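Please keep the sequence and the model at hand while reading.

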Amino acid sequence: MKKMLTLLSVAALSLGAAEQMPLPSGKAEFAPTEKASADQVQTLVPRIEGNAIVCGNKRLDLQNNSGMTLTCDGEMLGRFFYYFTGEDKAIKKPYWIECGRWFADQEKSSFRKSGNTFYADTFMKIGDYPSWEACKQQVELLPDGLIKIDIQWTPSEDQNLALEGHSLFFMMPYKTGGGKSITLNGKKTMLPTEAVSGIICGEYRPKEFKVVFLPDDPGKTFSITAVKPDIDLFNSWAIKDGLRFNFVDNKKTRHLTVFLDIRQGIKKK
């Protein structure tokens, strides 16, 4: 337990001032919503529509900056993006970087689709250092309907520019998840309705991680799974700007893979 707390504390402290950066808004406004009944929910087959993967009442939109937004009946369930920390050692200046949005070289970065796979290659430009291909992301709709998210990142060749991958972030607004629950490998945790200090839940020991979001709301529920060594650990936090779920990559390989399951939902009429 002492080892686990140490690891999770390091993961939290590695962000430092990043907690204050303008991540997605998640105001604690809780308008009553009608839950779908169990008999309305079906296991559906996802399909690609333009730059989105659609399954019943759920939709994963992919942006050309490598970010992704998950919605249900138009309501924001949350958004995915990869997050970095860094430092210019020459001037001792820290950086907090949302991949594709902050410090991106837009002229060199690219986004394309081939078959059932979306490719986002992000070139990063920090200060006066040359830009480089820092992150390659692939999002693939698999034959079984799962969505495979695969990310590989590369540090700068310049020794004065230190870059560290933090994790794949999933940010959920409080108005969506506050007062609701998730399960981590079958263990249920209630989500707070506002920012709190300390970790909500997390784990590093199992070989396989399965996180089920909003399991008590059958029409909105979805899950993310991963198997070591594709990630190192999972943890979650309630910060000022929303509920943040971290899928922490393998630090030795600078790589992660997770599988998103949105197949449970309500069929559109």
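## The E8–E9 hairpin

Strands E8 and E9 form a hairpin with two residues between them, and Gly115, in the turn, has a positive phi of about 65°. The model is predicted, and local features need pLDDT of at least 70, side-chain atom pairs count only at pLDDT 80 or more, while totals for chains, interfaces and linings use all residues. Residues are numbered from 1 along each chain as its sequence is written, and side-chain values use heavy atoms, with hydrogens and water left out.

Strand E8 (residues 110–114) pairs with E9 in the antiparallel sense over five bridges, where pairing requires that DSSP finds at least two bridges between two strands. Strand E9 (residues 117–124) is mostly covered, since six of its eight residues are buried; buried means under 20% relative accessible area, exposed means over 50%, and partly exposed lies in between (1.4 Å probe, protein chains only).

## From E9 into the sheet

E9 is also joined to strand E10 (residues 132–141), by eight bridges and in the antiparallel sense. Both E8 and E10 belong, with E9, to an open sheet of nine strands in the order E8-E9-E10-E11-E20-E17-E16-E13-E14, with antiparallel pairing. The edge strands are E8 and strand E14 (187–190), each of which pairs on one side only. The twist averages 20° from one strand to the next, with axes taken as lines fitted to C-alpha atoms (for helices over the stretch in contact) and angles running from 0 to 180 degrees between N-to-C directions.

Elsewhere in the sheet order, strand E16 (residues 208–213) and strand E17 (residues 222–227) run antiparallel and are joined by six bridges; Phe213 has Phe222 in E17 as its bridge partner.

## Thr122 and the cysteines

Thr122 lies in strand E9 and stands opposite Cys135 in E10. Thr122 counts as buried because its relative accessibility is 4%. Not counting residues up to four places away in sequence, Thr122 touches Ser66, Cys99, Gly100, Ala104, Ser109, Trp132, Glu133, Ala134 and Cys135, a contact being heavy atoms within 4.5 Å.

How many disulfides does a search of the whole structure find? The search finds zero, a disulfide being a pair of cysteine sulfur atoms within 2.5 Å. Cys135 is in no disulfide, and the nearest cysteine sulfur, that of Cys99, is 3.9 Å away. Cys135 counts as buried because its relative accessibility is 2%.

## Asn57, a loop residue

Is Asn57 buried or exposed? Asn57 is found in the loop between strand E3 (52–55) and strand E4 (58–62), and it counts as buried because its relative accessibility is 5%. Leaving aside neighbours within four places in sequence, its contacts include Cys72, Gly219 and Gly265. Asn57 and Gly265 are 208 residues apart in sequence, with their C-alpha atoms 6.1 Å apart in space, and Cys72 counts as buried because its relative accessibility is 1%.

## The nonpolar core

The largest nonpolar core has 63 residues, and those with the most contacts inside it are Phe213, Phe245 and Phe247. Such a core is a set of buried Ala, Val, Leu, Ile, Met, Phe, Trp, Tyr and Cys residues joined through side-chain atoms within 4.5 Å. The largest share of this core, seven residues, comes from strand E12 (residues 161–172). Leaving aside neighbours within four places in sequence, Phe245 is in contact with several residues, among them Leu168, Phe169, Phe170, Met172 and Phe213.

Technical notes. Helix = DSSP H or I, 4+ residues; strand = E, 2+ residues; numbered from the N terminus.
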